[in-house]
Amino acid sequence: MKRKIRRFLMYSFLILVGVVLLYPLVWMFLATFKTNAEIFGSSKFLPTQIRFDAYIEGWKNGGGAYSMGHFLANTFRIVIPAVFLTVISTTLVGYGFSRFDFPLKGILFAMMLSTLMLPGTVTMIPKYLVFNKLGWLDTYLPFIVPAALGNSAFLIYMVMQFIRGIPRELDESAKLDGCGSFGILIYLIVPLAKPALVSVVIFQSLFHWNDYFNSLLYINSSKKFPISLGLRLMLDSAGNNSWDQIMAMSVVAILPCLLLFAVAQKSFVEGVSTVGLKG
Amino acid sequence: MKDKKFNKFNRKSLRHYEGLFYIAPWLVGFLLLQLYPFMASLYYSFTDFAMVGTPKWVGLANFVTIFTRDRDVWNSLKVTLIYVLIAVPLKLAFALFIAMLLNLKVKGIGIFRTVYYLPSILGGSVAIAVLWRFLFSRDGTINSMLSWFGIGPVGWLSSPKLALFTLSLLAVWQFGSSMVVFLSALKNVPAELYESARVDGATSVRCFWTITIPLITPTILFNMVMQLVSAFQEFTGAFVITGGGPMKATYLYILKIYDEAFKYYKMGYASALSWILFGIMMVFTLVIFRTSNLWVFYNDGGDSK
């Protein structure tokens, strides 16, 4: 009996924590159907009617001259190439570090790991100046080029650890079949390392989708704003009288993340666990 | 004959450099986007570089100004340190606590794990910052809920004393990723250990302190370092929710660097500021690693007793 009560208490607690965690999100979603007066005036949880005005108006108004659709499209213009190139570069580099011996390997590997601890704050100013000199400011190149150059040591390390877990005998037999090292990578390693690569895709998509700081630094014309800057613009220009629209567009902004999470939830959570274990 | 040998040698040496070809993208990126900026920012921190013109060497002048004349710096350091000391321990303690509960053969663990993880994937976005700003505003949802219990409007974001705490809550809300890492560590604690401890009559509290905690210390170390690094560099929340206010009570150090560099274009000064943050983070990390042999238990090292 005592055991039963204890279990009951535990489940109640776990559910309560879940409710508290989700409450802000659910509230935000419901607020998009409320009128502005309703959001402020009443403390009712449920909206009195279902209206989509906030979505329609918010989408059209966006921030200033551009619609939210424009900002959303811009975000995809950053996220898709950046993620695609990150997958390619991390795969190549992870393969290089896990399967080959080459001069200075130890030192280079140590340097890569040390960048894990290097705070971005220290390199941010010279990086900005370099991009400025190259004329890359207000373009998407500061997001795309570093992705092609394998700038995430964390992801490289993750892929590397995964490749290490693939038995080398498979490489040897592929070699006997006449595969070169690149062939081994394409036909053997990549298919087997798919779970790790999926994690890379998800991590990077979420990162670039949510990234605010880099966009703030590198993008300054509102024509090129991604959604994060677009939302901020909307917040600043709309002020206090259109919270319904702001909430609606916030929901639009996080929806792709939620969809991605829903689709790839399992491999994602597992990816996080393995990385944690290896660290 | 000779030719063949040469060929073989050549192929072997090619094989020797093959790996370099694969890591080449990273190497280029490392040199241009990590090593060079790292060195350059150290150099800039001793100059008066201001975007236009050439940097002029000013020696330690930036650092002298930072420590003697710039009042914001001390405030920002203090605020950042408080933020880190609230957000990181709270988040880790909560993450560990929930992970422990979920480890008790809970039914529907998948659902709980997903729900708890959800905030982590959204937390850094502007949308959530906007939501936070609204929820905790004076006439926001949290206050209207509190008013049901007769608790008067709380200045979650408008009171200098509370604002930093409200920002920390946003970090704690995202405890899910740490929790998942803890959970996988807890799964690796052998069940036999608990069983034999039970036989010896140990209580669950005692089991927790003498079995669970020691065995997952490597994971605690990992989570702690990761969370420290990100908490010291927290930006979006403070920038969007409070803008550093009220009365600079949430003027985190990165906001200060951002303002100096990208509002006033004092690149040299801002670089000096960034190196101070780097130094502080290094000290924290080193202390954690140096003391880790006192409190981190490594399985492979423990076997040889």
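Predicted model: local features only at pLDDT ≥ 70, side-chain atom pairs only at ≥ 80, totals over all residues.
Let me start with chain B, read along its sequence: the pattern is α-α-α-α-α-α-α-α-α-α-α-α-α-α.

If you take the principal axes, the C-alpha atoms of chain B fill a box of roughly 85 × 60 × 35 Å. Of the 305 residues in chain B, 39% are buried. Now take the contacts in chain B between residues at least 6 apart in sequence: 71% of them join residues at least 24 apart.

On to chain A. Here the secondary structure again comes to 14 helices and zero strands, and from the N terminus on the elements run α-α-α-α-α-α-α-α-α-α-α-α-α-α. The C-alpha trace of chain A spans about 70 × 70 × 35 Å along its principal axes. Buried residues account for 41% of the 279 residues in chain A. Among contacts in chain A with a separation of 6 or more, 74% are between residues 24 or more positions apart.

Next, the place where the chains meet. How many residues of chain B are in contact with chain A? The number is 69 in chain B, and they touch 66 residues of chain A. On the chain B side, the largest share is the 20 residues from helix 1, which covers residues 2-44. By type, that side of chain B divides into 48 nonpolar, 18 polar and three charged residues.

The largest nonpolar core has members from both chains. It contains 142 residues, and those that touch the most other members are A:Ile156, A:Val159, A:Leu231, B:Val130, B:Met179 and B:Phe182. Helix 4 of chain A, residues 68-99, gives the largest share of this core, with 12 residues. As a general remark, nonpolar side chains tend to be buried together in soluble globular proteins.

Take A:Leu231 from that list. Leaving aside neighbours within four places in sequence, A:Leu231 is in contact with A:Met249, A:Ser250 and A:Ala253 in chain A, and with B:Val126, B:Ala127 and B:Val130 in chain B.

A:Val79 lies in helix 4 of chain A. A:Tyr140 is 61 residues from A:Val79 along the chain, and their C-alpha atoms are separated by 9.8 Å.

The second residue is A:Val251, in helix 14 of chain A, residues 243-278. A:Val251 has 20 C-beta neighbours inside 10 Å and therefore counts as buried. Away from its sequence neighbours within four places, A:Val251 is in contact with A:Met28, A:Phe29 and A:Thr32. The C-alpha atoms of A:Val251 and A:Gln49 are separated by 18 Å, and the two residues are 202 apart along the chain.

Back to chain B for a pair of helices. Two packed helices are described by the angle between their axes and the distance between the axes. Helix 10 of chain B, residues 204-232, and helix 13 of chain B, residues 267-295, have axes that come within 11 Å and cross at roughly 170 degrees. That angle is why helix 10 of chain B is called roughly antiparallel to helix 13 of chain B. The residues of helix 10 that take part include B:Leu221, B:Val225 and B:Phe232, and those of helix 13 include B:Met281, B:Phe284 and B:Trp295. Sorted by type, this contact has 11 nonpolar, three polar and no charged residues.

Last, helix 9 of chain B, residues 191-199. How many of its nine residues are buried? The number is zero, so helix 9 of chain B lies largely in the open. Just after helix 9 of chain B comes B:Gly201, with a positive phi of about 90 degrees.

Key:
Residues numbered from 1 in each chain as written. Chains lettered and ligands numbered in written order. Core = buried A, V, L, I, M, F, W, Y, C linked by C-beta atoms within 7 Å. Buried ≥ 20, exposed ≤ 12 C-beta atoms within 10 Å, placed from the backbone. Helix = DSSP H or I, 4+ residues; strand = E, 2+ residues; numbered from the N terminus. Contact = placed C-beta atoms within 7 Å. Nonpolar A, V, L, I, M, F, W, Y, C, P; charged D, E, K, R; others polar. Axes fitted to C-alpha atoms, helices over the stretch in contact; angles between N-to-C directions. Parallel < 35°, antiparallel > 145°, perpendicular 65-115°, else oblique.
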